[in-house]
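These notebook entries record what I looked up in one structure. I begin with its open spaces and then turn to the rest of the chain.

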Amino acid sequence: LQHTLVELFNHRDGNVLTLEAYREIGGVKGALAHRADAILDSMPMEQRHIVRRIFMRLIQPEAGTITARRRAAFSELLTQDSQAEEIEAIIQILVDANLMVTSHSQQDNEMVIDVAHEALLREWPRFQSWLEWDRRGLRIRQQLSLAARDWESRNRESGSLYRGARLLEAEEWVEANPGEINPLEQEFITAS
């Protein structure tokens with residue numbers, strides 16, 4: 001509602017909030033999606049891919065649907081160290097647009113990113129299309145991410161590595177989706 005009111009104010013006619021402006025921004029349900037699309041459409045294609053990758057890291061798969069948001073450490077979002085500044089700049093654009101929020105981890109003072117409004121995950125058609133495009137791949141990447149972090153927390157113990165069918169599935173997905181995993185996940189796959 002807060003975001004809707006801000007958008008309505010930004011689309012006012014002089015000092016008047018109009019029904020036409022309310023319809024233009026898509027009402028309460030569409031205001032966030034309208035804002036997210038406007039921000040994304042203003043970016044070059046490569047940055048749009050990074051935004052998609054960031055959003056896909058900020059969700060938690062649930063039985064049958066994927067709607068729950070999750071926080072992600074900045075390091076999880078990096079697929080290459082050379083992209084750090086670009087990803088940080090994109091996150092700042094999304095924070096300034098009130099689509100994401102950041103904080104810092106108390107453990108290691110690393111930046112943590114979160115979706116500002118869970119409604120964005122439910123009401124943004126473009127995000128929903130990203131989910132539909134590759135639900136299986138999202139599940140594989142989420143499991144790989146969890147397994148890699150678990151392996152790291154266990155001091156890279158060999159018993160935590162993938163084997164057999166799980167390893168083959170992960171390797172096939174990584175090969176078909178270059179640039180989607182971070183260095184820790186790549187090290188985990190290589191060690192496996």
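**Entry 1. The second largest pocket.** I first looked up the second largest pocket and noted a volume of about 150 Å³. The model is predicted, so I treat every value below as computed from that model. I listed the lining of this pocket as L1, Q2, H3, T4, V28, K29, L32, H117, A119 and E123. By element, at least two of the lining residues come from each of helix 1 (2-10), helix 3 and helix 7. By class, I recorded 4 nonpolar, 4 polar and 2 charged residues in this lining.

**Entry 2. The largest pocket.** I then turned to the largest pocket, whose volume is about 320 Å³. Its lining consists of 17 residues, and A73, S75, E76, E110 and R149 are the closest to the pocket centre. Helix 5, helix 9 (135-153) and helix 11 (183-191) are the elements that contribute two or more residues to this lining. I noted the class composition as 6 nonpolar, 5 polar and 6 charged residues.

**Entry 3. Cavities.** How many cavities of 30 Å³ or more are there? I found 2 cavities at that threshold. The largest cavity has a volume of about 130 Å³. Of the 13 residues in its lining, R52, M56, D134, W173 and E180 are the closest to the centre. Helix 4, helix 8 and helix 9 each give two or more residues to the lining of the largest cavity. Helix 4 gives the most, with 4 residues. I recorded the lining of the largest cavity as 5 nonpolar, 2 polar and 6 charged residues.

The second largest cavity has a volume of about 30 Å³. I listed its lining as R70, E76, R141, Q142, S145, L146 and R149. Helix 9 gives the most to this lining, with 5 residues. The classes here are 1 nonpolar, 2 polar and 4 charged.

**Entry 4. Helix 4.** Helix 4 has 13 residues and should span 18 Å at 1.5 Å a residue. I found its end C-alpha atoms 19 Å apart, which agrees with that expectation. Which residues of helix 4 are buried? I recorded Q47, I50, V51, R52, R53, I54, F55, M56 and R57 as buried. R52 and M56, both buried in helix 4, are also among the residues closest to the centre of the largest cavity.

**Entry 5. Nonpolar cores.** I next looked up the largest nonpolar core, which has 35 residues; I54, F55, W124 and F127 touch the most other members. Two or more residues of this core come from each of helix 3 (27-41), helix 4 (45-57), helix 5 (74-77), helix 6, strand 5 (111-115), helix 7 (118-123) and helix 8 (125-133). A second, separate core has 14 residues, including I140, A148, A170 and I181. For I54, leaving aside neighbours within four places in sequence, I noted contacts with L77, I87, I90, I91 and M100.

**Entry 6. Two single residues.** I located A84 in helix 6 (residues 84-96). Beyond its neighbours within four places in sequence, A84 is in contact with F74 and L78. I also looked up the separation of A84 from E7: 77 residues in sequence and 31 Å in space, C-alpha to C-alpha.

S160 lies in the loop between helix 9 and helix 10 (164-176). Is S160 buried or exposed? I recorded S160 as buried, because its relative accessible area is 14%, and the cut-off for buried is under 20%. Not counting residues up to four places away in sequence, S160 touches D150, W151, R154 and F188.

**Entry 7. The chain overall.** The protein chain has 11 helices and 5 strands. Its C-alpha trace spans about 65 × 35 × 30 Å along the principal axes. Of the 192 residues in the chain, 43% are buried. Among contacts with a separation of 6 or more, I noted that 62% join residues 24 or more positions apart.

Technical notes
Residues numbered from 1 in each chain as written. Predicted model: local features only at pLDDT ≥ 70, side-chain atom pairs only at ≥ 80, totals over all residues. Heavy atoms only, no water. Contact = heavy atoms within 4.5 Å. Core = buried A, V, L, I, M, F, W, Y, C linked by side-chain atoms within 4.5 Å. Buried < 20%, exposed > 50% of the residue type's maximum accessible area, 1.4 Å probe, protein only. Expected span 1.5 Å × (residues − 1). 1 Å grid on protein atoms, 1.4 Å probe; cavity = no way out; pocket = protein on both sides within 12 Å on 5 of 7 lines; lining within 4 Å. Points joined across faces, edges and corners; volume = space filled by probe spheres on them. Nonpolar A, V, L, I, M, F, W, Y, C, P; charged D, E, K, R; others polar.
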